[in-house]
Amino acid sequence: MNSLGVSPFVNNLYSDLKDGLVLLQLFDKVKPGIVNWSKVNQKETFKKIGGNMKKLENCNYAVEIAHQMGFSLVGIDGKDIADGNKTLTLAVVWQMMRAYTLSMLQRLAGSDKPISDPEIVDWTNTTLRDSGKTTSITGFRDPAISNSMPVIDLVDAIKPGSIKYELVNCGTSLSDEELIQNAKYAISMCRKIGARVYALPDDLVEIKPKMCLTVFACLMIRAKTGKK
């Protein structure tokens with residue numbers, strides 16, 4: 001969030017989003033022009049009588065925009081964000097980050113259409129194959145993701161020599177601890193080569209498809225931007 005230049009700086013994921021302003025800024029980053037700023041209550045109004053209601057109005061507007069963008073917000077309304085409900089606020093933030101990642105890919109591709117899941121899968125497999133890797137994925141529910149090898153190999157394909165394979169647990173019957181070790185290494189190496197990955201190791205081990213998608217999408221962005 002902070003890397004996108006939101007103001008004020010976010011120190012606490014929940015309390016700092018309670019007035020809706022940061023969320024609205026993020027929506028405008030993901031889809032420029034989607035926020036009608038004339039409808040947004042600015043910070044100076046919060047100190048006046050009815051300030052809490054102004055914050056709630058912002059949060060309600062943020063949820064309205066989230067619906068426009070196709071977010072899944074079952075049981076979530078503006079009051080949940082204004083109250084700092086951790087679970088429900090996080091649900092909005094995760095979907096926001098996913099939307100931002102996909103919007104970045106769309107811009108890099110110079111396309112007026114969203115990048116599809118199959119396109120990310122095809123890019124992943126082509127990149128792995130062209131680098132001489134034997135791993136591949138059929139999609140973001142593929143059991144092959146659980147040992148993190150497709151991610152680890154993809155990192156090495158993007159930046160050859162970055163992976164120390166002696167640190168990787170190999171084999172077809174890894175223990176839960178070994179799977180987590182691989183996932184932690186995979187995520188840390190994604191970030192080390194400059195991919196803005198925000199998924200957690202458990203997301204890979206448990207093969208959470210939406211979060212797995214973001215890992216491969218972030219690596220695709222990293223590869224296409226050519227960051228050294």
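**Exercise 1.** In this predicted model, determine how helix α1 (residues 21-30) and helix α2 (residues 51-68) pack in terms of angle and axis separation, and state which residues make the contact.

*Solution.* The axes of α1 and α2 lie 9 Å apart, and the two helices pack at an angle of about 30°. Angles under 35 degrees count as roughly parallel. Helices α1 and α2 are therefore roughly parallel to each other. Their crossing is left-handed. On the α1 side, L21, L23, L24 and F27 make the contact, and α2 contributes N58, Y61, A62, I65 and A66.

**Exercise 2.** Locate S148 relative to the helices, decide whether S148 is buried or exposed, and list its contacts beyond four places in sequence.

*Solution.* S148 belongs to the loop that joins α5 (117-130) and α6 (149-158). Its relative accessible area is 0%. Buried means under 20% relative accessible area, so S148 is buried. With neighbours within four places in sequence set aside, S148 is in contact with N182, A183, A186 and L204. For A183, a polar atom of the S148 side chain lies 3.5 Å from the A183 backbone nitrogen.

Note on methods: Residues numbered from 1 in each chain as written. Predicted model: local features only at pLDDT ≥ 70, side-chain atom pairs only at ≥ 80, totals over all residues. Heavy atoms only, no water. Helix = DSSP H or I, 4+ residues; strand = E, 2+ residues; numbered from the N terminus. Buried < 20%, exposed > 50% of the residue type's maximum accessible area, 1.4 Å probe, protein only. Polar contact = N/O pair within 3.5 Å; in protein donor to acceptor, adjacent residues only side chain to side chain. Contact = heavy atoms within 4.5 Å. Axes fitted to C-alpha atoms, helices over the stretch in contact; angles between N-to-C directions. Parallel < 35°, antiparallel > 145°, perpendicular 65-115°, else oblique. Left-handed = near helix turned anticlockwise from the far one by under 90°.
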